[in-house]
Amino acid sequence: MEVPVVKLPDIQANKPQIPINLTRVGVTNVKKLVQIKRKDKRPVILICTFDIFVDLPSHLKGANLSRNFEAVDEVLEKAVNMPVYEIEQLCSDVAQSLLTRHEYASRAEVILKSEYVVKRESPATKMECQEVVEIFAEAIAMRDDVERMAVKKLIGAEVVGMTACPCAQEIMRDNARKELENIGVEGQHIAEFLHRVPMATHNQRGRGIISIEVEGNVFVSLEKIIEIIEGSMSSSVFELLKRSDEAMVVQTAHNNPKFVEDCVRTMAKNVVKGFEHLPDEAIITIKQINEESIHRHNAFAERVATIGDLRLEISQDA
């Protein structure tokens, strides 16, 4: 006896009661294990969280979300057999695969977030330790016509460091000068002391963020982004420190006080210097968030610009 075949209706293909376009429809918080290969180094294993979307035209009730999972799985399976060096390229491959599967869509977006472990040495004792950096990548694929797709890729990182407040430090320096004068220390010795010993100030835990958006096959070094962010604050921070390391970190930070604005400008200058190969139209987003220690609020600064604009501004200032 033959079992009858029941054809279920494709509910997603029905016309919605309210026929308007939707900018993004998809799934979020999809976790996947991704192996990123590196030249002459061991592969990096990342536990990645994906958000994946397509746009939806007004005549369709819903998107076939199972196809999004198929697109991710297909690309990641290929990654097992083919070297993947860039997480933003992985996002690009998934985005293009989404557009291939969702023939009604004109735009696909893939967002990846993960944690990346970097090896560091403590500043004085040179003990090895590991620091965790937040990394992220995005890709947007847009259909020009039936055959062609345009893809924008973004890569970025968020790094934790510390800053020392210049304003409060100047107040403390002035107080120290007056106290030394009151106990009879000569002006020359006061100046030498204040030059050698950094004054106290309040600190902030800073979070520096840089993202770079490009089109085409332009390589952007994630390691260089991380290095630029780390070097933009008053000092790096470390998970493991001995007493001599603590002293060096505190002294380094207080010898290099910075406002939140200073951090963003330092990052901008070093992005221009470190990414000379980027085309002028590459979009740079730089943020600094300082979590205040003596205030309830946080300090924030940001710059969004093409690298061409940054090059022009910095060259004019030189």
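I began with helices α3 and α4, whose crossing is right-handed (the term applies if the near helix is turned clockwise from the far one by less than a right angle, and left-handed if anticlockwise). The model is a predicted one, in which local features need pLDDT of at least 70 and side-chain atom pairs count only at pLDDT 80 or more, while totals for chains, interfaces and linings use all residues. Residues are numbered from 1 along each chain as its sequence is written, and side-chain values use heavy atoms, with hydrogens and water left out.

Helices (H or I, at least four residues) and strands (E, at least two) are DSSP runs, numbered from the N terminus. Arg173, Ala176, Arg177, Leu180 and Glu181 of α3 make the contact with Ile190, Phe193 and Leu194 of α4, contact being heavy atoms within 4.5 Å. I sorted these residues into five nonpolar, no polar and three charged (Ala, Val, Leu, Ile, Met, Phe, Trp, Tyr, Cys and Pro are nonpolar; Asp, Glu, Lys and Arg are charged; the others, Gly among them, are polar).

I then looked up α5 (residues 222–230) and α7 (residues 260–274), whose axes come within 9 Å and cross at roughly 145 degrees, in a right-handed crossing. Here Lys224, Ile228 and Ile229 of α5 meet Met267, Asn270, Val271 and Gly274 of α7, and the residues divide into four nonpolar, two polar and one charged.

Lys224 also lies over the face of Phe275, at 5.5 Å from the ring centre, and the charged end of Arg24 sits over the ring of Phe53, 4.3 Å from its centre; the criterion is NZ of Lys or CZ of Arg within 6 Å of the ring centre and within 35 degrees of the ring normal.

Turning to the backbone, I recalled that most residues other than glycine have a negative phi. Asn29, in strand β1 (residues 22–38), has a positive phi of about 60 degrees. Lys126 likewise has a positive phi of about 60 degrees, and lies in the loop between β3 (107–121) and β4 (128–143).

Definitions and conventions
Axes are lines fitted to C-alpha atoms, for helices over the stretch in contact, and angles run from 0 to 180 degrees between N-to-C directions.
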